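Work through the exercises below with the sequence and the model open. Try each task before you read its solution.

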Amino acid sequence: VTGVIIEGLTFRGTTKNSAIHILPGEDDIGDISSSSNVEIRNCEFSEHEGMAVIMIGSFSWFDDQVDATIEVSGEEGDDTIESSGQQWNDTMEYSDEQGDDIIGSSGKVDLENSTTTMTISITSCLFTSNRVQVSPVTYITNGGSLIIGNTVFLGNSEGTAGGISFSGSPTSSFTVSNSCFQRNSGYYVGAIEVYDGGSVTLLENNFGKENEGNTSEADGCDDIWFEAEQGVCGQFDSSTCSSSIDFVDPLGNSGKCQFNSLVNGYSDAMSLLNDISDGISEVFYLCPGTVLSEEMNIMLDQASVNFSVVCADTRRGCIWDSPTRHIVLLAHDTYPNASATEQPVTITFEGITFRNASDVSVVLEGFQNSPLDVIFTDCRWEDNNGTSILVINPPGNTSTSEEIESSPPSTAPETSDIAVDDMGRKLQDLRTFAIDVKLHECVFSRNSAKGSLFSNYNGKLIVDRCSFRQNDAEGSILASIGGSVSVNDARFEQNTYNKSQGVIFVDSTSIISPATTDACGLANYATPLSSLRDFSCSG
């Protein structure tokens, strides 16, 4: 093979020898040199427990027991193996002979260790939580080059080195740059061991933190051990992780994490609530991939400052999956230093997906002398099945689902997609509300509600650039009593609602902004069925 590219794959959980085994080729006349190149890029390797994660070359006894997820060998061709988000757990083989590509569930190629000019490059990859016998990346070959760049080794353990083992020859070269090694441990060395080789360049903007070597071996070297130089222990040269690879360190069972070595985050609601209750004004990040399962009740007499709760990486997602409610925010008269001119506390939630609430997903309550602004940006509500998604100022200043459910909007003049009691209402609302809630670029899909999906009691609700799709409400989708509603550039599609109330219900004491007419609706269904009148939609 003159060129192989392995790209965009996730490898997990091999328990035998390696996930990828790379060996030099042998031609028909017995010349055992090879000039093949292999590129491994944008891949993730985790939870492997074999000999190595990527084995380049082999031990003398290793050749007879090759069992790898992918084996690279062959004679001719330039090929690419690539995928996005695919997970490989089974044994697979890749070979190329006369242009035929084979990816199967069995078979292997056993080639002897040899002299090679092969170049192996590993770029933009993540190695995490592997427990292998040698190292996640093990290079045991005469000649050739190993180049590692922009790669992260996190929490690997139990091998001779927690990151890389390199054993070459005078014609070999080894380069590691712009990479990060964090919380790795090995029987000899915490991160990298270099037994012998020719041109070795390691200290090119690499970062190390909390790596740990065995104190009785290699002098307890934590970062880099140069065996060929009479046992010299080296250190990484960068004080920060410059890799562009996103990674999360769970920090044990602390309920917290570290994102990309720099940003501290949270992985459970109770740890988050404890720090919010300390009254610190800051951004609280949720660990990417976190699933929160607890209800979070925040009493704002304990948190009298602005704060934000933000998903650190929306690509990996942060999910709030509580069996009852997700968030209850209560601002009471006991708010510290409350006065008629008190500035509102601003609380922001960003990039979070809320799922599976069986009660009210979010309850918000404010008072005139303790005003509250709450902003949800780029959030999603999916598959919730309770009383409502959002209740602002529950009736009776309580947050019980029974009272919320027993106080729906009462009547509307006729069925329409926007139903309003008072057609002579004024177009500008000069009232000051104790609580302002803004939903910006949020999505609501496949939710059901025993009342209205949103219930706004004497609060101000702004819905901006949001989408409502396939929700089922026994009341309205949006309902307001004694409050203010503004809906801007929103889309209502395939929702089911009570025909006596409409998609949006506003009583005679509420104000609806004229901007609401910019909203649009498609195929919303009233129950019982009646004639439909959708908003006009463009695009």
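## Surface and ground rules

The accessible surface of the chain comes to about 22,200 Å² (Shrake-Rupley method, 1.4 Å probe; for residues, only the protein chains shown count as cover). Carbon and sulfur atoms hold 45% of this surface. This is a predicted model: local features need pLDDT of at least 70, side-chain atom pairs count only at pLDDT 80 or more, and totals for chains, interfaces and linings use all residues. Residues are numbered from 1 along each chain as its sequence is written, and side-chain values use heavy atoms, with hydrogens and water left out.

## Exercise 1: the overall build

Task: State how many helices and strands the chain has, and what percentage of its residues is buried.

Solution. 
- Step 1. Count the DSSP runs, numbered from the N terminus: helices are H or I with at least four residues, strands are E with at least two. The chain has two helices and 56 strands.
- Step 2. Sort residues by relative accessible area: buried is under 20%, exposed is over 50%, partly exposed is in between (1.4 Å probe, protein chains only). Of the 539 residues, 53% are buried.
- Step 3. Look at contacts (heavy atoms within 4.5 Å). Take those with a separation of 6 or more: 79% of them join residues 24 or more positions apart.

## Exercise 2: salt bridges

Solution. 
- Step 1. Apply the rule: a side-chain nitrogen of Lys or Arg lies within 4 Å of a carboxyl oxygen of Asp or Glu. The count comes to eleven salt bridges.
- Step 2. R131 lies in the loop between β11 (126-128) and β12 (137-140), and E49 in the loop between β4 (44-46) and β5 (54-57), so the pair ties together parts 82 residues apart in sequence. R131 is partly exposed at 39%, and E49 is partly exposed at 37%.
- Step 3. R325 is buried at 10%. D359 is buried at 17%.
- Step 4. R446 is in the loop between β43 (443-445) and β44 (448-449), D383 in the loop between β38 (380-382) and β39 (385-386), 63 residues apart. R446 is partly exposed at 42%, and D383 is partly exposed at 33%.
- Step 5. Check for shared partners. Salt bridges join E7, E39 and R41 into one network.

## Exercise 3: a cysteine in a loop

Task: Is C241 buried or exposed?

Solution. 
- Step 1. Locate C241: it is in the loop between β24 (232-234) and β25 (248-249).
- Step 2. Its relative accessibility is 10%, so C241 counts as buried.
- Step 3. Find N150, 91 residues away along the chain; the C-alpha atoms of C241 and N150 are 9.6 Å apart.

## Exercise 4: the nonpolar cores

Task: Which residues have the most contacts inside the largest nonpolar core?

Solution. 
- Step 1. Use the definition: buried Ala, Val, Leu, Ile, Met, Phe, Trp, Tyr and Cys residues joined through side-chain atoms within 4.5 Å.
- Step 2. The largest core has 58 residues, and F349, F376, W381, L439, F454, V463 and F468 have the most contacts inside it. Helix α1 (residues 269-277) gives the largest share, four residues.
- Step 3. Leave aside neighbours within four places in sequence; F454 then touches residues including I389, L439, V463 and F468.
- Step 4. A second, separate core has 37 residues, among them I40, V132, F166 and I224.
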